[in-house]
Amino acid sequence: MMKIRQIHTKTIKDQIYQILRQQIMDGTLHPGDRIVEQDVADQLGVSRSPVREAIKQLIGDGLLCNIPNRGAFVKKLTAKEVQDTYDMRILLEEYALMHIDPKLREKNRKQLQKMKDRIDREIENLSVQEYETMDQDVHVMIIRLCGNQVIADTYDMLWGKIAFFRSISLMSKERQLSSLQGHAMILASLLEGDDQKAYETLRIHLEDAQAMIQDILRNYASGKFWI
């Protein structure tokens, strides 16, 4: 596990949770890695109690699993679980696009424009990490615009699982450019108020990503997906 700065805050458990969750999402922690309470506590300069609580929350999220007498491990996802997770992502994003709150659209118009302008300006120059951040920002914005907090919370939980395999699907520069172009089209449609076009573009965008993931999964004869 990489070295992390020590924490000085009253919400220690929540920040430990966010740090571990981010490490799972960005690939620092891999499927099958063991999470040792004492190691995490030592690196962060905290007691084991908040670490234990953060691990319990991650187990509840489905990002870690507990193996009796062995401890907590980053969960390995089966091909079926990955497929089911991605199907749910599509359902949530499509629903959000068809139920946009006009007031939230106007409230976030400047941010929508800012994201589109950056894609138009830097589409050829974004690093993989920058692309992944942009990708997450666009899709989280789509969810946010419908104003449904239950959907937002469900999507947030799913995102950690999506990150298990998303980084692999984006290693291709061609895939990155295609995805960014899709993002720009979705953002343009949202700015224009053409939600039907945004919906149709999103469907193509997500189906293309899903097809690539299916190709990746077929390469794993064991049925286990590893980053």
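Predicted model: local features only at pLDDT ≥ 70, side-chain atom pairs only at ≥ 80, totals over all residues.
The antiparallel pairing of E1 with strand E3 (residues 71-74) extends over 2 bridges, and Ile35 is found opposite Ala72 in E3.

A disulfide is a covalent bond between the sulfur atoms of two cysteines. In this model the count of disulfides comes to 0. Cys65 counts as partly exposed because its relative accessibility is 25%, whereas Cys146, at 12% relative accessibility, counts as buried.

Side chains of opposite charge can pair when their charged atoms come close. The structure holds 14 salt bridges. One of them joins Glu53 to Lys56, with the closest N and O atoms 3.6 Å apart; these residues are 3 residues apart in helix H3 and are therefore separated by about one helical turn. In helix H4 (residues 79-98), Arg89 and Glu93 are 4 residues apart, so about one helical turn separates them; their closest N and O atoms are 2.8 Å apart in a salt bridge, and both residues are buried. In the salt bridge between Arg203 and Glu207 the closest N and O atoms are 3.0 Å apart, and here Arg203 is partly exposed at 33% relative accessibility, as is Glu207 with a relative accessible area of 38%. Salt bridges also link Arg118, Arg121, Glu122 and Glu130 in a network.

How values were computed
Residues numbered from 1 in each chain as written. Heavy atoms only, no water. Pairing = 2+ DSSP bridges. Disulfide = S-S within 2.5 Å. Buried < 20%, exposed > 50% of the residue type's maximum accessible area, 1.4 Å probe, protein only. Salt bridge = Lys/Arg side-chain N within 4 Å of Asp/Glu carboxyl O.
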